[in-house]
Amino acid sequence: MKLLSLEIKQVRGIKDLSLGLDGKNIVISGINGSGKSGVVDALDFLFTGQMGRLIGTGTQGISLKKHGKHIDCDDLAQCLVSATVMVKGIKEQLRLVRRFNDSSTLEVSPEQFTDQVNKLLHAIKGQHLLTRRDILRFVAADKNDRAQQIQNLLNLNEIESTRTVLVKAKNVYENIKQAANRDLQEAARQIVATTEIPTPLPRTLLAFINKNRAILRGQPFLQLQYLDLKKDLSRPADYSANSLNPKLSAIDFAEVIKQADRIVTEDLSVLSASVNNPLTKIKSDPLILKNLKTRRLVELGLELADDDALLCPLCDSHWTSGELIPYLTSKQEKAEAADILANEVNVAVDRIKALAEPLKAALAKANSIAIKIESFAESKKLRTWLDRIEELDDLLSMITDTYTLPEGVELSLAKYLEEAQLAVTLKSIQDKVVSASPSATAEGTAWELLIRLEENFIPYNRAKRRFQIARKNSAFATTINDHFSQAREMVLGDLYKVVGETFVTLYRELHGDHEDRFGANLEPTLAGIKFDVDFHGRGQFPPLALHSEGHQDSMGVCLFLALSDRLNKGVFDLVMLDDVVMSVDVEHRQKLCEVLRDNFGDRQFIITTHDKVWAEMLRTATIVNRKGLKEFFNWSIDAGPNIFESQDIWSRIDEYLQKGDVSGASGQLRRGGEEFFHSVCERLDCTIKFRSGGRWDFGHYYPAALSGLKDALKKARASATSWENEVRKQEIEQFEQLLNEAVQNSDVERWVINPTVHFTEWMNLQPRELGKVVESYQQLFSIFSCRAENGCGSPLYLTFANMKPDSLRCACNAINWSLIKKDDAG
Amino acid sequence: MSDNLPSEPSSVVDQIFEVFFENLETDSGIDKDSIAKLRKLVNSRTIDYPSIAKVIEESKDV
């Protein structure tokens, strides 16, 4: 897409502005507050329905509808940006309009191309504009923040939210599988306890069942079954559900000992710390806890909100189109760190439960035997321990519900899970069982064993089915997550490789011989992007670590251009660079012009800068022609920026003269003269007489500009004399002579005495006579520019060192005259 | 009138999903029904945890 024309009405600091571009580059220069960024904001709004400047960190309370429009315009339908564009593949010119009263709608005519244009703009969303703020985000950010910025540029938020969902699914289903496996192992262990078969298999279980059926004089089963194990058997006469069987109670007590021994082998202090440590981290940052609490709410919000949500589905707050979902997504991503800590807590709690729950079950069974045999003292001891384990249960539930512990409490598992006198207590109960029921029969024991095994099979089969489902789900979740990660890594890896290589090439071109061995490493990490750059062959470091601010700025520009080259080439040719060379020095600005010219000739650039010299360099490097140089000045809230197009004044005056319109030509000459010398005064740091209201005209600007140039030439001549540079001295003297001649020829001194009079006099001239005046002025104007053979013709400017002018230069450096005398040189 | 309409640019996001589905279909062992459901979620831009969980729980063995 290329921009042919642009109209901005009532947007930011612009009242009504039209720019003709014809698909070519433009450079908008002007001091801070001259309104140039208003053009960038307007284009941003046209293409995205948003303004990047009004979104993101530090913009709370700022909205597009309130702060994107002109402050004095209350009719949002009148606040609009429109453009004529050419889109690749469409022969017709398209007209695009976006209004503030319906910012989510882009009007496209002819209407039939609406879908294509919207898809195109959706795909490039955010990839057309680089601001200095973006550069800092790219270069100075840590790897996760940088990833966020580059993800924004690549529209990867959808990929990252998908990744987050798939990672969560993988973890959740893995946890469910592990819990199901623990239940299955526990159920299997109960079978082992009943049968005393160390590794039960269908064959050995069948043998066990048939052995006990044989004792009860029953027919053997031909294959293992899990229900009705006492089929066709009669209950032994001596069996009672309430009777105690010393052999079986010994098995039950052995199970308690076994479970207690499992705990003894654990390092309870380490296990306690595995819960306490993440809880301490969560407690140390209230934001983490808040994120955990609001996580579900945010997820619900994302489920309910649609792409262009204007109303929050949860609280009915009004949102600018397209801003709610990124806001909720960023909150969800911030909760990811909290999720990791919460997961650590959950895993540790599950491990503790895996120890405590079988112990609790075994203790409950032992206690029921103690009560049956009326061994109350021992039962009291077992009950006390059971109470402590139940207290632990409550505490663990509280932890997984709230991720907090009561104030001053720290989890200490030894308090709940250690019992010194267990073996003695259980032996005492068993002794009582043996003395009370010394003669349990083999039939009674067999009957009881078959009952127990039936009871064991029920939870075992349930746990087995649950585990099979959990294993299937976990395998599925892991597979899609792994495949997605591989796809992401592959595509992004390739992308970052190409972008990294282009970045290095551009950076080397920009920095020339100094950085001919420069290298960089740009690669995706799990949730971030690693970006290290070479520092003079001493290794690779983050850009912020060792490089100067100017180098960091040029890295940001190169990285953006490399990304843009990879992503938009041939699709969306428009690139906006908003004041991106603030910290880059003059030499590298010149190089950047060459980089843009040599590598991005097929792009249409809209460049804003407060630096007129760089604007001239861009013209000299043929990135922009004279017509494309727009200087914004004298911005006012009522009128917006004035645009100075001095490069064009001669052709404009000529048009008037051709038509015989002396009045129009005179007006253009006067206005053009004011604009030109305003610009010269700024470049040569001239002093203008104070005037209340801050409005100057030709009569004020011209003498100041002439005096400024004469003063600079005088200093340059003195410097050349002090260095005994005769050639330079002669060059300067010739220049001074030319200047004096041009001043005399233009008879300018006569006009500046009384601008009103001379303006009136011009209007009384014949076109041919005014043409001569125009010719002499053109010669005068040219004196303030580079006149070297094969020179650039760009306006002369001063450079400064320690706040003092130190050289007079032009953009191509054909004029580069020192103003410092030999004795004053440092 | 145009004779060559601009095609929707293949964004990085689209490329990642393309490779994802290509690999799922080739070597994941995931059943076709489940892949179709995942594709529907991606196309309708509704990939969230509840919808993914539903596809997972309705899936066949991998």
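Strand 16 (residues 804–809) of chain A is joined by 3 bridges to strand 17 of chain A, and the two run antiparallel. Strands here are DSSP runs of E with at least two residues, helices are DSSP runs of H or I with at least four residues, and both are numbered from the N terminus; two strands pair if DSSP finds at least two bridges between them. Within strand 17 of chain A, Ser818(A) is the bridge partner of Ser807(A).

This is a predicted model, in which local features need pLDDT of at least 70 and side-chain atom pairs count only at pLDDT 80 or more, while totals for chains, interfaces and linings use all residues. Residues are numbered from 1 along each chain as its sequence is written, and chains are lettered from A and ligands numbered from 1 in the order in which they are written.

The open sheet has 3 strands in the order 15-16-17 (chain A), with antiparallel pairing. Strand 15 (797–801) and strand 17 (816–818) of chain A each have a single partner strand and stand at the edges, so one side of each lacks a neighbour in the sheet.

Turning to the backbone, most residues other than glycine have a negative phi, and most peptide bonds are trans. Ser109(A) and Pro110(A) are joined by a cis peptide bond, with omega about 0°. Pro110(A) sits in the loop between strand 6 (106–109) and helix 3 (114–124) of chain A.

Glu196(A), although not a glycine, has a positive phi of about 60°. Glu196(A) belongs to the loop between helix 6 (157–195) and helix 7 (202–215) of chain A.
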